[in-house]
Amino acid sequence: MAMGFFCFALFLFFGLDLDTGYAASASTSEGVEVTYGTVLKLMHEKTKFRLHSHDVPYGSGSGQQSVTGFPNVDDANSYWIVRPELETAAKQGDSIPSGTIIRLQHMRTRKWLHSHLHASPITGNQEVSCFGGESESDTGDHWRVTIEGSGKTWKQDQRVRIQHVDTGVYLHSHDKKYTRIAGGQQEVCAVREKRADNVWLAAEGVYLPVAETK
């Protein structure tokens, strides 16, 4: 019930027609395509934590808005809007083939998933933050989605790696947790190597159907 009500609120927030998209849980919508405009949660495969952000800055590194892994499924700060890269003709409802460059916009704060050459707080890997806003975005917000396996377009049931375009590192998490401000949440960072800890899956969200081609 709570999930359904929140997804209804998302439709109202984005001005979407209820006939153009639908709510999906991690267990009920296997094979649903991820398209531009979809609002979703990204689940870290190994720990099952969701990619999360909130209006709390890092106390080190860049001092930008922090990004963490969150243990609970029902937190509204774990929703991200899938957007195309800058200066592209891609539009809402377009499919996302493996290898496509995307941006992820944090729904609550409107900032972009970002990375740069700062050290992450716990492990000293590359920091992942949220930065910018509706009219402020740069190539530091560009991430390449690559499907692990034989799939051609990004779907909910597919394992993916998400690679930062500017620096070549992979979006990563692990079981090392914060103890104070974000107590119980785990570090999200980026690493250069392909590891079991940098695989993600599209989980709960509001998935927009594939746009009809004219």
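View 1. Thr-109 is partly exposed, at a relative accessible area of 22% (buried means under 20%, exposed over 50% and partly exposed in between, with a 1.4 Å probe and protein chains only). The model is predicted: local features need pLDDT of at least 70 and side-chain atom pairs pLDDT 80 or more, while totals for chains, interfaces and linings use all residues. Residues are numbered from 1 along each chain as its sequence is written, and side-chain values use heavy atoms, with hydrogens and water left out. Thr-109 lies in the loop between S6 and S7 (strands are DSSP runs of E, at least two residues, and helices runs of H or I, at least four, numbered from the N terminus). Leaving aside residues up to four places away in sequence, Thr-109 touches Asp-55 and Gln-65 (contact means heavy atoms within 4.5 Å). The side chains of Thr-109 and His-106 are joined by a polar contact of 2.9 Å (a pair of N or O atoms within 3.5 Å; within protein, one must be able to donate a hydrogen and the other to accept it, and residues adjacent in sequence count only if both atoms are side-chain atoms). Ser-53 is 56 residues from Thr-109 along the chain, and their C-alpha atoms are separated by 8.4 Å.

**View 2. Two residues with positive phi.** Arg-110 is in the loop between strand S6 (100-106) and strand S7 (112-119). Its phi is positive, about 70 degrees, although Arg-110 is not a glycine. Arg-110 is buried, with a relative accessible area of 18%. Lys-48, in the loop between strand S2 (39-44) and strand S3 (50-57), has a positive phi near 70 degrees. Lys-48 is partly exposed, at 44% relative accessible area. Most residues other than glycine have a negative phi.

**View 3. His-54 and its polar contacts.** His-54 belongs to strand S3 and counts as buried, at 13% relative accessibility. Its side chain makes polar contacts with the side chains of His-52, at 3.1 Å, and Ser-66, at 3.2 Å. Beyond four places in sequence, the residues that His-54 touches include Thr-68, Asn-77, His-106 and Gln-185.

**View 4. The largest nonpolar core.** This core has 30 residues (a nonpolar core is a set of buried Ala, Val, Leu, Ile, Met, Phe, Trp, Tyr and Cys residues joined through side-chain atoms within 4.5 Å). Leu-51, Val-82, Leu-113, Trp-154 and Leu-171 have the most contacts inside it. Among the elements that give two or more residues to this core are S2, strand S5 (80-84), strand S8 (126-131) and strand S13 (200-207).

**View 5. Strands S9 and S10.** Strand S9 (residues 143-147) pairs with S10 in the antiparallel sense over five bridges (two strands pair if DSSP finds at least two bridges between them). Arg-144 has Gln-163 in S10 as its bridge partner. Four of the five residues of S10 (residues 160-164) are buried, so this strand is largely enclosed by the rest of the structure.

**View 6. Ala-190 in strand S12.** Ala-190 lies in strand S12 (residues 186-191) and is buried, at 3% relative accessibility. Tyr-170 is 20 residues away in sequence and 5.1 Å away in space, C-alpha to C-alpha. Tyr-170 is also one of the residues that Ala-190 touches, as are Ser-115, Asn-125 and His-172.
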